[in-house]
Amino acid sequence: MEKKLNKLIKKWEGRRGNLVMIFHEIQNSYGYVPREVSMKLSRMLDVPLATIYEVLTFYNYFKLDPPGKYTISICMGTACYLKGAGRVLKEFKNILNIQEDETTEDGIFQLNTVRCLGCCGLAPAITVDGKVYGKVTKSQVADIISEYMDKESSGE
Ligand code: FES
């Protein structure tokens, strides 16, 4: 890991916004910014860890938790919002016991919101790992989650 970080530091040395660019590359390779990488970077660059976290939390693009195995994306675009996406999102949050941009403790589900999935005719729409579910109602949420829990327990 240290070798990789050294390479990144060299690549962005002396350039504006280099810390942000380094984090972009880290997130691209890990899917998030692991705490141990931030700690190592803090030591290597001699930048306090608190400063690193200030940067990371300022841009909510950066993920501090590992991505879940299944990514649930709830569309909150206008069409979906008007057709009840808020209720669908709330139900996912309640059942999974997480907020947006969080991953369940078991690492199975990650919950995101997006602007538009490009299938507004199916509003409210969601995707789970790219699979589209249209005209989703609050009462279907538990079934959608179960579908993936079943996959998980059958080892698919
Ligand atoms: S607004 Fe939801 S799919 Fe377009």
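The protein divides into domain 1 (2-58) and domain 2 (70-153), with bounds that come from an automatic or database domain assignment. The centres of domain 1 and domain 2, taken over C-alpha atoms, are separated by 31 Å. This is a predicted model, in which local features need pLDDT of at least 70 and side-chain atom pairs count only at pLDDT 80 or more, while totals for chains, interfaces and linings use all residues. Residues are numbered from 1 along each chain as its sequence is written.

Seven helices and five strands make up the element list, where helices (H or I, at least four residues) and strands (E, at least two) are DSSP runs numbered from the N terminus. Their order from the N terminus is α-α-α-α-β-α-α-β-β-β-β-α. Along the principal axes, the C-alpha atoms fill a box of roughly 50 × 35 × 25 Å. Of the 156 residues, 21% count as buried (20 or more other C-beta atoms within 10 Å of a residue's own, with C-beta atoms placed from the backbone).

Helix H1 (residues 2-12) and helix H3 (residues 35-45) have axes that come within 11 Å and cross at roughly 55°; axes are lines fitted to C-alpha atoms over the stretch in contact, and angles run from 0 to 180 degrees between N-to-C directions. H1 and H3 are therefore oblique to each other, the class left after angles under 35 degrees (roughly parallel), over 145 (roughly antiparallel) and 65 to 115 (roughly perpendicular). Glu 2, Leu 5 and Ile 9 in H1 meet Lys 40, Leu 41, Met 44 and Leu 45 in H3, a contact being C-beta atoms, placed from the backbone, within 7 Å.

Definitions and conventions:
A residue is buried if 20 or more other C-beta atoms lie within 10 Å of its own, exposed if 12 or fewer, and partly exposed in between; C-beta atoms are placed from the backbone. Two residues are in contact if their C-beta atoms, placed from the backbone, lie within 7 Å.
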